[in-house]
Amino acid sequence: MAKRGNFSSKIGFVAAAAGSAVGLGNIWKFPFEVGKGGGAAFLVMYLIFCFIFCFPVLVTELAIGRKTGKNPDGAFKSLGFRNWSFVGKLGVITGVLILSFYNVVAGWAFGYFVEIVCGNFEIGGQFTDFIKDVVKVGGYGLIFMAATALIVSRGVSSGIERAAKILMPVLIIIIVSLIVYSLTLPNAMKGIEFYLIPNFSAITPEVVYTALSHAFFSLSLGMGALITYGSYVSKSENLITSAALITLADIGIAFIAGLMMFPFVFSQGIAPDGGAGLIFITLPGVFESLGSVTGVIVGGLFFLLLSFAALTSTVSLLEVPVSYTVDEHNIPRKKATWLVALVIYIIGIPSLLSNGASGFFSSFISYFGSDAPKSFMTVVEDFSINTFLPLGGLLMSIFVAYVWKKENLNKELETGAPNFKGSFVEKYIDVAIRYICPIFLGALFILTVLEKFFSVSIF
Ligand code: TRP
């Protein structure tokens with residue numbers, strides 16, 4: 001069997017894992033969750049959840065991965081718990097499902113980059129026609145999937161790690177330049193105020209659980225993406241400090257994405273709670289108002305940034321089923337990568353068609369207790385992101401705490417982390433994995449299933 005790859009340095013590993021975490025979630029979704037959830041109040045909650053509840057899960061995923069050197073399915077088997085390997089398989093399937101539609105949205109971002117660079121600022125008003133245009137959007141999606149596969153096919157250190165080491169700094173430079181620019185716009189400070197002054201009265205139980213679910217998704221947890229990345233990490237690495245750096249990078253980039261976005265939004269007097277369409281519908285108009293040259297540069301940079309952020313995330317999503325295929329079915333990496341990418345692209349076609357192109361897929365099904373038909377893409381999203389991720393996380397924390405057991409987890413964490421034993425972090429992770437994480441993830445799972453599929457809102 002071919003030798004497995006490895007990350008060649010700590011910085012490369014942290015960049016790749018942070019690249020997985022930083023994605024459309026941070027730059028597209030986060031600012032508007034903040035917009036809906038009372039500005040800074042949401043930000044504070046997100047921050048707290050990342051540390052108290054996501055960080056321990058992140059650490060355990062990395063530990064399982066490094067201990068076994070396997071993909072999520074192989075990892076449970078290699079720890080000697082064959083009957084838990086369904087959790088790993090669930091993770092692989094979840095990755096396939098998420099990537100199938102995440103790639104469609106990434107294709108929009110890339111398509112917008114091309115349109116804006118060609119000077120088509122009208123694209124905002126044409127959004128609904130654009131996402132219906134199967135040939136165009138399908139083509140951009142195909143290019144995006146091919147770029148993802150190209151990186152993954154080159155392996156861990158010369159593909160994933162190298163791409164992340166280039167893309168992540170470029171991403172930060174683009175965001176910082178856009179912040180500097182956006183602060184010069186009229187009313188910029190109103191945006192910053194909205195973003196940074198908390199309005200605690202906007203916090204409802206729903207906002208709390210949105211923050212919880214967003215933190216978990218944003219850190220790429222619950223499907224073994226970090227088990228897979230952990231399997232390429234050397235035994236001399238300190239997993240605790242790595243996990244802390246990954247968490248900080250994710251929070252930091254989400255935070256500065258907001259600093260960039262709200263001045264843009266407020267400069268045009270747009271409502272900050274406009275939801276997901278805001279980036280694709282309203283922002284092109286903002287860029288147009290900057291004049292044709294500046295608009296092309298600023299708008300082009302913006303959508304390039306969005307595409308790069310998405311790319312390091314699609315890479316991690318593809319890596320999970322690819323490593324599974326390589327490890328468990330003994331197929332060489334290159335072949336496995338292109339095969340899996342093709343299959344996922346095909347699985348994504350109904351999602352591609354479900355934004356207006358096909359009536360059947362656009363109004364695919366309605367859930368219990370609601371007449372509103374959901375698109376195919378929404379259904380896949382509800383199953384994968386809103387159901388399987390919290391379920392996977394719940395099962396993983398139960399597994400680690402009660403089946404694999406703390407002694408084994410700690411042994412792996414002590415490797416490369418000499419100060420871990422007896423530290424506060426050790427005690428905290430123990431409590432979190434046994435009580436806090438199962439309770440939070442179980443609650444999240446039940447609440448989202450009830451709300452999404454049965455239209456039952458507890459709050
Ligand atoms: N975290 C990424 C984002 O914020 C998305 C993502 C990439 C992801 N890989 C993942 C989410 C694995 C869950 C699991 O956009």
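Trainee: In which helix is the place of Phe 113?

Mentor: Phe 113 sits in helix α5, residues 85-117. A helix here is a DSSP run of H or I, at least four residues, numbered from the N terminus. This is a predicted model, where local features need pLDDT of at least 70, side-chain atom pairs count only at pLDDT 80 or more, and totals for chains, interfaces and linings use all residues. Residues are numbered from 1 along each chain as its sequence is written, and side-chain values use heavy atoms, with hydrogens and water left out.

Trainee: What does Phe 113 touch, residues up to four places away in sequence not counted?

Mentor: Phe 113 touches Gly 300, Phe 303 and Leu 304. Contact means heavy atoms within 4.5 Å. The C-alpha atoms of Phe 113 and Val 296 are separated by 9.4 Å, although these residues are 183 residues apart along the chain.

Trainee: Which residues of α13 and α14 meet?

Mentor: From α13 come Ile 279, Phe 280, Leu 283 and Phe 287. From α14 come Gly 295, Val 298, Gly 299, Phe 302, Phe 303 and Leu 306. By class, that contact has 8 nonpolar, 2 polar and no charged residues. Gly counts as polar, while Val, Leu, Ile and Phe count as nonpolar.

Trainee: How do you know that the span of α19 is close to the expected one?

Mentor: α19 has 31 residues and reaches 42 Å from first C-alpha to last, against 45 Å expected. The expected span is 1.5 Å times one less than the number of residues.

Trainee: Where does α19 bend?

Mentor: At Ala 432, by about 50 degrees. The bend is the angle between axes fitted to the seven residues ending there and the seven starting there.

Trainee: What makes the phi of Ser 455 worth a remark?

Mentor: Ser 455 has a positive phi of about 50 degrees and is not a glycine. Most residues other than glycine have a negative phi. Ser 455 lies in the segment after α19 (424-454).

Trainee: Why is Ser 455 called partly exposed?

Mentor: Its relative accessible area is 38%. Buried means under 20%, exposed over 50%, partly exposed in between (1.4 Å probe, protein chains only). Therefore Ser 455 is partly exposed.

Technical notes:
Helix = DSSP H or I, 4+ residues; strand = E, 2+ residues; numbered from the N terminus.
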